Amino acid sequence: MPGPRGWFGLRGKAAPAAPADPGGQPAAGKPAGVRRPSPLLLVAALLLVGGAAVGELLVMLLGWGAAYLSRGLSDFTRKFAVLGIPLVSMSASTLWFWGRTKGRWGTPLAEGSPMNHALWVAAPGVLRVAAVLTAVFLLALTLRRRGPK
C-alpha cells in the first residue's frame with residue numbers, strides 16, 4: 001500500500017485531469033493523470049550515462065550530485081539512488097573477488113595476486129555499471145505514468 005508520497009517516495013502529485021468537454025470526456029490529446037518528468041532528474045540520468053560511456057568519473061559524480069539535489073524524490077529514495085546503488089555495486093564486486101580468492105566461484109585469482117589489486121583494477125568498470133543502474137532507476141521513477149486516483 002503506497003504511503004502519502006506514493007510508491008518509491010516520489011513527491012508531488014499527478015497532474016490534474018485534462019479539462020473535460022461538455023460531454024464529460026477528457027480533451028483530445030491530453031491523457032488524464034500524466035506527470036511531467038523532472039528536468040533535473042533527466043539531466044542527472046543523461047550525465048550518468050554519458051559519464052559511463054566516456055569513462056569520466058567527474059561527469060558521473062556530477063550526475064550523482066544532480067540526482068541528490070533533486071527535490072522530486074524523497075530523502076530515502078534520493079540517498080538510495082546516489083549512495084546505495086554504487087555501494088551495493090562495489091560490495092558485490094568485493095564479494096565476487098573474495099569468493100574468487102577462496103576458490104568458491106569463477107577462475108581463482110593468480111597466485112600471489114592480492115585481492116585489493118583486483119578490486120582497484122575492476123573499480124572503474126563497477127562504477128560505470130553503478131552509474132548506468134542509477135540512471136535506469138532515476139528514469140524509471142521520473143518517466144513512469146500514474147493512473148487516475
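Where is serine 70 found?

A: Serine 70 is found in the loop between helices α2 and α3. The model is predicted, with local features needing pLDDT of at least 70, side-chain atom pairs counting only at pLDDT 80 or more, and totals for chains, interfaces and linings using all residues. Residues are numbered from 1 along each chain as its sequence is written, and side-chain values use heavy atoms, leaving out hydrogens and water.

Serine 70 has a relative accessible area of 1% and is therefore buried (under 20%; exposed is over 50%, partly exposed in between, with a 1.4 Å probe and protein chains only). Not counting residues up to four places away in sequence, serine 70 touches Ser38, Leu40, Leu41 and Arg78 (heavy atoms within 4.5 Å).

Now the setting. The protein has four helices and zero strands (DSSP runs, H or I of at least four residues for helices and E of at least two for strands, numbered from the N terminus). From the N terminus on, the order is α-α-α-α. Of the 149 residues in the protein, 31% are buried. Among contacts between residues at least 6 apart in sequence, 62% join residues at least 24 apart.

Leu40 and Leu41, which serine 70 touches, are also among the α1 residues that meet α2. The axes of α1 (residues 39–54) and α2 (residues 57–69) come within 7 Å and cross at roughly 160° (lines fitted to C-alpha atoms over the stretch in contact, with angles from 0 to 180 degrees between N-to-C directions). That angle makes α1 roughly antiparallel to α2 (over 145 degrees; under 35 is roughly parallel, 65 to 115 roughly perpendicular, the rest oblique). The crossing is left-handed (near helix turned anticlockwise from the far one by less than a right angle; clockwise is right-handed). On the α2 side, the residues that α1 meets include Val59, Met60, Trp64 and Leu69. The contact of α1 with α2 has 13 nonpolar, two polar and no charged residues (nonpolar: Ala, Val, Leu, Ile, Met, Phe, Trp, Tyr, Cys and Pro; charged: Asp, Glu, Lys and Arg; polar: the others, Gly among them).

Helix α2 also meets α4. Their axes come within 11 Å and cross at roughly 30°, which makes α2 roughly parallel to α4, in a left-handed crossing. Leu57, Met60, Trp64 and Ala67 of α2 make this contact with Leu127, Arg128, Ala130, Ala131, Thr134 and Leu138 of α4. By class, the contact of α2 with α4 has eight nonpolar residues, one polar and one charged.

Leaving aside neighbours within four places in sequence, leucine 48 is in contact with Met60, Gly63, Trp64, Ala131, Thr134, Ala135 and Leu138.

The contact of α3 with α4 has 19 nonpolar, six polar and no charged residues.
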